[in-house]
Amino acid sequence: MTADQQISLLIEEWLEDGPVQMPERVVDVVAARIARQRQRWSWRVGWGRSPRVEPWMAFVAVTALTLAAIWAIAAGGRGPSVVPPVPPSTSPSPTGSPSPTVTSGQIVVELANTNIDNQIRFVASDGRALPLLPDFGGHQRTAAWRPDGRRLAFAGRPGNNQDAWMHLYETDAQGSPPRLLSTDCVQPACVEETDPAYSPDGSRLVAVRLADIRDGHPTRSVLVVYDLVTGRATEIANSSFAYASFDIGHPRWSPDGRRIVFHLVKDPPTERRRLIFPEPRPPGPSSIEVIGADGSGRRQVTSDGFDSGDPDWSPDGSLIVFGPTSLHLWLYGLDQSDWRISTIHPDGTGLNVIVAGPNAATPSWTANGASVLFIQASGSLQVIRAVAPDGSGVRDVAAFGGKDIVMYPIQQPTP
Amino acid sequence: MDRDRALVEAAQRGDQSAFVDLVRSTGDRFFALAYRMLRDVDRAEDALQDALVIAWRDLRTLRDPDRFDAWMHRVVTNVCISQATRERRRTANLRVLPAEGPAGRDDFVSLGDRDQLDRAFKRLTPEERGVIVLHHYAGYSLAEIAETLGVPAGTIRSRLHHAHRAMRAALDAEARQVSGGRSA
């Protein structure tokens with residue numbers, strides 16, 4: 001018997017053990033859940049292949065929704081800089097209806113749930129978080145608006161290519177078919193690109209690149225800056241650690257376009273693809289760092305002892321806001337009592353905790369710099385909140401129920 | 001089978017009670033599959049609930065009611081993969097869960113082996129776990145797994161190879177430990 005046959009036999013024997021009977025309560029729970037769940041028609045299927053919904057029906061539906069959206073915009077006005085508080089949504093899941101248009105200044109979030117890969121969603125006027133890119137499928141992460149609000153960059157892996165690494169794409173506020181931005185990413189030198197952020201003038205894009213694949217795994221993670229005119233990328237910073245997951249990330253530009261802030265996790269617990277089975281210890285220290293857009297003048301802004309990640313530079317350039325590391329968010333969920341939102345000057349002075357927690361994460365500045373958006377767990381709800389840069393005036397923007405994790409709220413700059 | 005087909009067709013027409021009957025009729029085998037991927041009764045139950053709700057929602061996209069089982073295997077597997085991928089808090093304190101029910105067959109798979117297989121299995125990627133369970137428990141061929149999961153056959157083969165290698169390495173390590181302990 002070969003070694004392979006031997007292990008196969010062992011595994012088969014081992015798998016035979018264990019329960020084979022579904023607990024009866026599953027039937028009751030499912031019956032209750034589907035009573036509230038409408039069946040999906042054929043929205044996920046191409047029109048040509050499965051014409052269950054006639055084109056005229058779609059036209060009527062889209063027209064009606066467009067009129068409804070126009071009415072909603074007219075009724076709502078432009079008002080405050082963030083969408084007004086809405087009652088808690090029972091679930092941020094889509095209903096299968098066509099998505100209403102994202103209006104100016106509305107908020108996009110990243111949603112992770114147990115059924116699907118991460119998905120970029122926008123907060124609709126009725127408080128639901130609806131898919132921005134329902135046809136893209138796959139995995140959608142790390143979205144960032146272009147400063148004029150007309151484009152949204154994100155990292156994605158299309159649903160029709162399950163084994164692909166993520167690359168950068170660009171869409172718009174209406175979720176138009178994404179355009180590939182990773183035009184200078186070819187293996188083995190470049191494996192995956194994530195965490196895009198547009199420069200203030202929209203001509204460049206900074207991103208995190210996993211580089212130099214060996215034995216199927218990248219060996220480095222680096223920051224690159226894309227020239228969006230030529231499509232060429234330039235490496236500006238190396239994590240300088242043996243490749244591991246989430247060690248360098250969330251780069252954001254200074255408003256003058258000369259520097260970039262990012263976070264660094266030192267000694268992450270495990271390599272990529274093993275992230276879900278980390279050793280039973282927290283990741284190592286994390287810090288916020290700043291580097292010149294040309295790769296010069298790199299230096300640490302926060303101390304190692306301060307759990308820090310997901311930085312964002314204020315529109316006036318005077319402050320950097322940051323939260324806990326996104327690695328913690330992935331590993332442990334949004335329930336860490338010591339999670340807080342802080343600001344610090346780019347020179348490392350003036351550390352100020354503006355939201356003492358608990359459970360606060362993934363901050364971002366609104367385009368006018370008047371508020372910081374962040375996510376905070378509150379009982380069974382996850383709430384998008386806004387706070388003034390000095391920590392005053394915390395207010396709810398939208399709230400979500402359910403098990404899904406809502407993170408990274410970012411407000412569309414007004415075009 | 002004919003009864004299941006009739007239930008699938010009725011459920012596709014929106015008959016909720018038919019779908020509930022279908023769950024009663026077929027749920028055990030999907031639960032068994034979910035448990036073997038997640039190695040935890042509660043998580044398997046959660047995953048199965050989610051998979052069944054997704055199945056209800058998307059049932060009209062199933063063109064051949066006779067393929068319900070295979071289709072459900074895909075839904076359950078994908079939900080389990082997603083759940084394992086998104087697993088957060090519990091992964092911080094991994095522990096080996098004892099297999100439930102009568103142990104049996106210990107003359108072939110020793111308790112030590114069982115522990116090591118548990119540990120090694122939990123260190124596989126969710127996708128590799130899916131391949132292991134579909135192949136060694138549900139009895140799918142590699143081509144059938146590829147078709148079910150919508151992944152190239154070569155990828156399935158490499159996932160299975162890697163999973164076998166990892167589990168074999170775990171057993172070898174255990175054997176070395178035992179033999180070292182004996183000689184000490």
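User: What makes E22(A) and strand E23 (residues 395–400) of chain A a pair?

Analyst: Two strands pair if DSSP finds at least two bridges between them. E22(A) and E23(A) share 5 bridges, in the antiparallel sense. They therefore count as paired. One bridge sets A:Ala386 against A:Arg395 in E23(A). Strands (E, at least two residues) and helices (H or I, at least four) are DSSP runs, numbered from the N terminus.

User: What is this model, and how are its parts numbered?

Analyst: The model is predicted: local features need pLDDT of at least 70, side-chain atom pairs count only at pLDDT 80 or more, and totals for chains, interfaces and linings use all residues. Residues are numbered from 1 along each chain as its sequence is written, while chains are lettered from A and ligands numbered from 1 in the order in which they are written.

User: How do you know that strand E21 (residues 372–378) of chain A pairs with E22(A)?

Analyst: DSSP gives 7 bridges between them, again antiparallel. A:Ala377 stands opposite A:Gln382 in E22(A). The two strands form a hairpin with 2 residues between them. In the turn, A:Gly379 has a positive phi of about 60 degrees.

User: Why is A:Val301 called buried?

Analyst: A:Val301 has 21 C-beta neighbours inside 10 Å, so it counts as buried. This residue is in the loop between strand E15 (299–300) and strand E16 (309–313) of chain A.

User: Which residues are in contact with A:Val301, beyond its neighbours within four places in sequence?

Analyst: Among them are A:Ile288, A:Val290, A:Ile320 and A:Pro346. Contact requires C-beta atoms, placed from the backbone, within 7 Å.

User: What makes a set of residues a nonpolar core, and how many residues has the largest nonpolar core?

Analyst: The set must be buried Ala, Val, Leu, Ile, Met, Phe, Trp, Tyr and Cys residues joined through C-beta atoms within 7 Å. The largest has 86 residues. A:Ile107 and A:Ile320 are among those with the most contacts inside it. Strand E9 (residues 204–214) of chain A gives the largest share, 6 residues. A second, separate core of 59 residues includes B:Leu38 and B:Leu160.

User: Why is helix H6 (residues 126–136) of chain B called largely enclosed?

Analyst: All 11 of its 11 residues are buried, so the rest of the structure largely encloses H6(B). B:Gly130 and B:His136 are among the buried residues.

Conventions: Buried ≥ 20, exposed ≤ 12 C-beta atoms within 10 Å, placed from the backbone. Contact = placed C-beta atoms within 7 Å.
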